[in-house]
Amino acid sequence: SLSDRLGGVFDRLRGRGALSEDDVRGAMREVRIALLEADVALPVVRRFVDNVTELAIGQSVLRSVTPGQQVVKIVNDALVEMLGGGTAELDLVATPPVVIMMVGLQGSGKTTSTAKIAKLLKEKHGKKVMMASLDVNRPAAQEQLKVLGEQVGVATLPIIVGQLPVEIATRALNAAKLQAVDVLMLDTAGRLHVDQALMDEMKAVSAISVPKETLLVVDALTGQDAVNVAQSFSGEVDLTGIVLTRMDGDARGGAALSMRAVTGKPIKFAGTGEKLDAIEPFHPERVAGRILGMGDIVSMVEKAAATIQVEDAEKLAARMSKGQFDMNDLRTQLRQMQNMGGLGALAGMMPGMKKAKAAMAQSGMDDRVLLRMDAIIGSMTVKEREKPELLNAKRKIRVAKGSGTQVQDVNKLLKMHQEMAKAMKQIKKMGGLKGLGALFG
Ligand code: GDP
Ligand code: MG
């Protein structure tokens, strides 16, 4: 499935340290294939992959501490965007009766969705709702809506055999006005395929009932067909939103992804089952998360970052309690600061960092300095990192050159390290970690 494929791609990215442009391009090729296999429309895939690739190979991403995670987040954000950004609500601000017209092909789930939304409006929004079926093509269609109405406790327009859709709509409007109905839902007829008779009928009903919402109901399981249907309908009437049904099935997700991009209309509801309460507002973040196969990916990424820090912190704490603190340890802490969102987020972190932060703030350091310090340590040899006292004047010049900094920057870093190492020794004297609270609490 789309989830499995994308999940696999991103697990590989996430599990890695440094990424190259080739890594990202390779991953994006897989994303492209996965989206195409999930029936996402080709132009949509192209645009998506181009955007994401450009963002993901941006300098700041590839040179960050957690490039894999950032690429995943970029893809997640792009999916959310593609799905419409936020949740789109029904707009029912108008003089009642506010009309909602449901359109779509036969079997897409129009009648069921009409009853589901009516139930929602009645129970969650306290609206007085009336439903009317304009489906005169199928003998049992009006009866079906009546039965559903009884199940959800919403009135349906009495059936008069032989009336045409426009006549039924007119009668429904009058009845709704007389009965002080807030929302009138019109369930229109569908066909097996898009045809002109269907479109004409729909336009005629729309013209006399002036719906505030015209919702296109499409079956998510039909994939690319759903997109074609959406395109045909949106060319004929002013759709205000989409209801995507059968999201409970193993829809490949492609329909949802293309729908917004192709029609420019928000998906307002997702149908998630046959039961009459199986409908939910469409949440782009959740669906993107589901597509990436990892629930809420953003919070997962955050949790992962936190876990890495805990592991590092534990290692560091073990060394600290022995009074050890070399350049590698300092680098770990610097990277934690970057992960945590830079100096500003420092306060709640490792013991010892409070002091360092104060010192850094005093010397006017900002987050770029963290990167520079990281680069300085990166230019030291393994021996120098373990024993910074090896750094004589000559070595300092070499390190400064290697990291693109000045000798005075190297000196500042060494001084900071010395102070921190001194603090570690004190901790040891005070009885290891147990003494920490007293020192830094
Ligand atoms: P209409 O012809 O467009 O009015 O479609 P119906 O509302 O009659 O629905 C056709 C079938 O699809 C019915 O059996 C519904 O129970 C079913 N259905 C509708 N929406 C959903 C959904 O979100 N999930 C599932 N699993 N079935 C649905
Ligand atoms: Mg129907």
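**Close-up views of a predicted model**

**View 1. L215 stands opposite G241 in strand β6.** The model is predicted, so local features need pLDDT of at least 70 and side-chain atom pairs count only at pLDDT 80 or more, while totals for chains, interfaces and linings use all residues. Residues are numbered from 1 along each chain as its sequence is written, and chains are lettered from A and ligands numbered from 1 in the order in which they are written. Helices (H or I, at least four residues) and strands (E, at least two) are DSSP runs, numbered from the N terminus. Strand β5 (residues 213-219) and strand β6 (residues 241-245) pair in the parallel sense over five bridges; two strands pair if DSSP finds at least two bridges between them. Strand β1 (residues 98-103) also runs parallel to β5, joined by four bridges. In that pairing, I100 has E213 of β5 as its bridge partner.

**View 2. Both faces of strand β5 are covered.** In a regular strand the side chains alternate between the two faces of the sheet. On one side of β5 are E213, L215, V217 and D219, and on the other are T214, L216 and V218, all of them buried. A residue is buried if 20 or more other C-beta atoms lie within 10 Å of its own, exposed if 12 or fewer, and partly exposed in between, with C-beta atoms placed from the backbone.

**View 3. Helix α2 covers residues 21-37.** Its 17 residues should span 24 Å at 1.5 Å a residue, and the end C-alpha atoms are 24 Å apart, which agrees. The expected span is 1.5 Å times one less than the number of residues. V24, A27, M28, V31, A34 and L35 are buried in α2. These residues cover an arc of only 120° around the axis, which puts them on the same side of α2; the arc is that of the directions from the helix axis to the C-beta atoms. Just after α2, D39 has a positive phi of about 75°.

**View 4. Ligand 1 has 19 residues around it.** A residue is near a molecule if its C-beta atom, placed from the backbone, lies within 6 Å of it. G109, K110, T111, T112 and G271 come nearest to ligand 1. Helix α6 (residues 110-125) gives the most to this shell, with three residues.

**View 5. V382 lies in helix α17 (residues 382-386).** V382 counts as exposed because it has 9 C-beta neighbours inside 10 Å. M327 and V382 are 55 residues apart in sequence, and their C-alpha atoms are 9.4 Å apart in space.
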